[in-house]
Amino acid sequence: MVDVGIKLALTLTQIASVMGIVLLTVALLTLLERKVLGWMQDRMGPMEVGPYGILQPVADGLKLFFKEDIIPAGANRIMFSMAPVLSLVPALIGFAVIPFGPTWNVEWFGVEFKPFVISDINIGVLYILAFASIGAYGVILGGWSSNSKYSLLGGLRSAAQLISYELNVGLAIVGVLLLSSSLSMVTITEAQTGGFWRWYAFAPLPFPQFIAFVVFIIASVAETNRTPFDLPEAESELVAGFFTEYSGMRFAFFFLAEYANMILVSCVATVLFFGGWDAPLPFLQFHGSLEHLEWLSGMFWFTVKVYTFLFLFFWLRATLPRLRYDQLMRFGWKVLLPIALGNIVITSIMAYIFS
Amino acid sequence: MVGLDLLAEYLSKYSPILIFIVLALGFGLVTLALSYLVQPKYPEAEKLTTYECGSEPFSDSRMPFPIRYYVIAMLFVIFDIEVIFLYPWAITFYDLGIIGLIEMLIFIGLFVVAYVYAWQKGALEWD
Amino acid sequence: MASLVFFYFASIILLTASLVVIFRNPVYSALSLLVMFFHVAGLYVTLHAEFLAVVQIMVYAGAILVLYLFVVMLLNVKREERFHGQTNVAMGLGAIMLVESFLLMLQGDTSWLSLEATPNPETMAKGNVESLGEVLYSTYLFPFELASLILLVAMVGAVILSKKGILESKSS
């Protein structure tokens, strides 16, 4: 019984720290995005709140928290309040299976415990995919319940976009699963340790998954509703898309969900294609007498990789214009889908030849 | 009783996920509730109207929409099921050998037939 | 403990499944169906059918229910009133069925009522998806290929059913 109590306490600590780090990273990203966009456009970005504007996220958060939450007349009140939560929860719980550092089995007070992954389930990858598909409900219901034409149109467009690109995400990862023979995020990472030439995006034999990675990252950008695929919130035509009518904390939740999803897909891309916490060159990992600090370098490389992907998201936003809706659907169904399918066929044939 | 040990280990892997889901839901609901308690509430008829570029909203906003969205959703259901068949195959690929490869090539072949059919019939066209 | 978990999932499934037919607003019905799918998935997890649990969420909650929601919005149904004239008949029939199932339960073999899952150590050690894959792509090879044929037929059906609609809105 004591065992269960300790286990529970450890798990709760883990979950609280992961959720805390994710929410802090979201706050940091809102600032970073504006800074990076600013620098790319030869501006300074936010400068007023605190030195170099670093307290801007705090100010934004406090403002949104204390703002009036308007429920428009004719809206479905229950659905209108539920939709932001339905959107945020799937984005947060995906982090339960991400390995942030090396696989360690620590014994604390007689309880086996893995400090860097909340739960290593056998179906980790599918768990994330399954909950990513639930994110569409927040968007659809948010758009539908607002009783506004822009919201409804934005919600529908968004839902169709999400399901179209989800298919491509699902197809793009099959190659990696085939090479690693596992659905567990921990096992997939461990199969790639030893340097960047063993990461699935580059591993020359049997077949590098770089094409699959490109498909995955494009589809992920579309799934997180980021530019150039930010059709759901196309300002120039739909005001703000499915959250036109939202204000205050509920609006903040949709925002949180979008950024948490960005972090989540960056983590998934890191784990599936870029070796997770593995250092790009073996000597960059702590060895020998520093073995017990291996987790530090592991977490460092994981963070570096995730932030590289996050920077890519900002870079895309600063560079590319928005697609038209018919272009978006055509691209997803007629370009990405055949490429992802072809990748599966070629990977399986090559894997058979080299096995 | 090897089976029961494995069973306990298996369930102990899923309990953190259940706790995480409950905590995430709780975080969402509690934050919304706290914000509701501290925020000002001054509803006005004008403020509560939905946004329509400044003009008064006319007609019910929950209008019917094009059937294409429905077609996309239907195609998605079918393709999604096909993709799900690929996962158990992918992770047992090295155990299945040549038979696994050939049967999956047949499966993907039929997938492609369905895909080409939908393309040719214009179900993937948007405009 | 196991039976506690089972009764939690089972009672929520029963409750939400009834709510699906009781709610008159179809969007509420769809949402309670969503909650039900999650609990069915939970039940699958306790039965070691991890893969089925995930498929339950991915296909039913992530794809089919989205399709339902699209239909509800497509038709713009506000309240479903058509089938509420049958309440009395339905309740009568339901009561008869309930009594019948109770009688059958009392009479027959009740050993299946045990709530303990009996895991197979071999499959548990290997993992649910791996075992499933090995069986599905060797022993049940033919049904599997048949499934792909059925999906092809479903695709043809979906395209033909909706084609009229596409052509109509194209000309307008």
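S101(C) lies in helix α4 (residues 87-107) of chain C; helices are DSSP runs of H or I with at least four residues, numbered from the N terminus. The model is predicted: local features need pLDDT of at least 70, side-chain atom pairs count only at pLDDT 80 or more, and totals for chains, interfaces and linings use all residues. Residues are numbered from 1 along each chain as its sequence is written, while chains are lettered from A and ligands numbered from 1 in the order in which they are written.

S101(C) counts as exposed because it has 10 C-beta neighbours inside 10 Å. The C-alpha atoms of S101(C) and I64(C) are 30 Å apart, and the two residues are separated by 37 residues along the chain.

Helix α10(A) covers residues 248-273. The expected span is 1.5 Å times one less than the number of residues. Of the 26 residues, 24 are buried, so α10(A) is largely enclosed by the rest of the structure. G275(A) follows the helix and has a positive phi, near 70°.

The largest nonpolar core contains 178 residues. Such a core is a set of buried Ala, Val, Leu, Ile, Met, Phe, Trp, Tyr and Cys residues joined through C-beta atoms within 7 Å. L177(A), F216(A), A260(A), L75(B) and V54(C) have the most contacts inside this core. Helix α10(A) gives the most to it, with 18 residues. Leaving aside residues up to four places away in sequence, L75(B) touches A118(B), A123(B) and A158(C). Contact requires C-beta atoms, placed from the backbone, within 7 Å.

Chain A also meets chain B: 62 residues of chain A are in contact with 51 residues of chain B. Helix α12(A) gives the most to the chain A side, with 12 residues. That side has 38 nonpolar, 14 polar and 10 charged residues. Here Ala, Val, Leu, Ile, Met, Phe, Trp, Tyr, Cys and Pro are nonpolar, Asp, Glu, Lys and Arg are charged, and the others, Gly among them, are polar.

The contact between chains C and A takes 15 residues from chain C and 16 residues from chain A. On the chain C side, α3(C) gives the most, with 10 residues. The chain C side divides into 11 nonpolar, three polar and one charged.

Key: Helix = DSSP H or I, 4+ residues; strand = E, 2+ residues; numbered from the N terminus. Buried ≥ 20, exposed ≤ 12 C-beta atoms within 10 Å, placed from the backbone. Contact = placed C-beta atoms within 7 Å.
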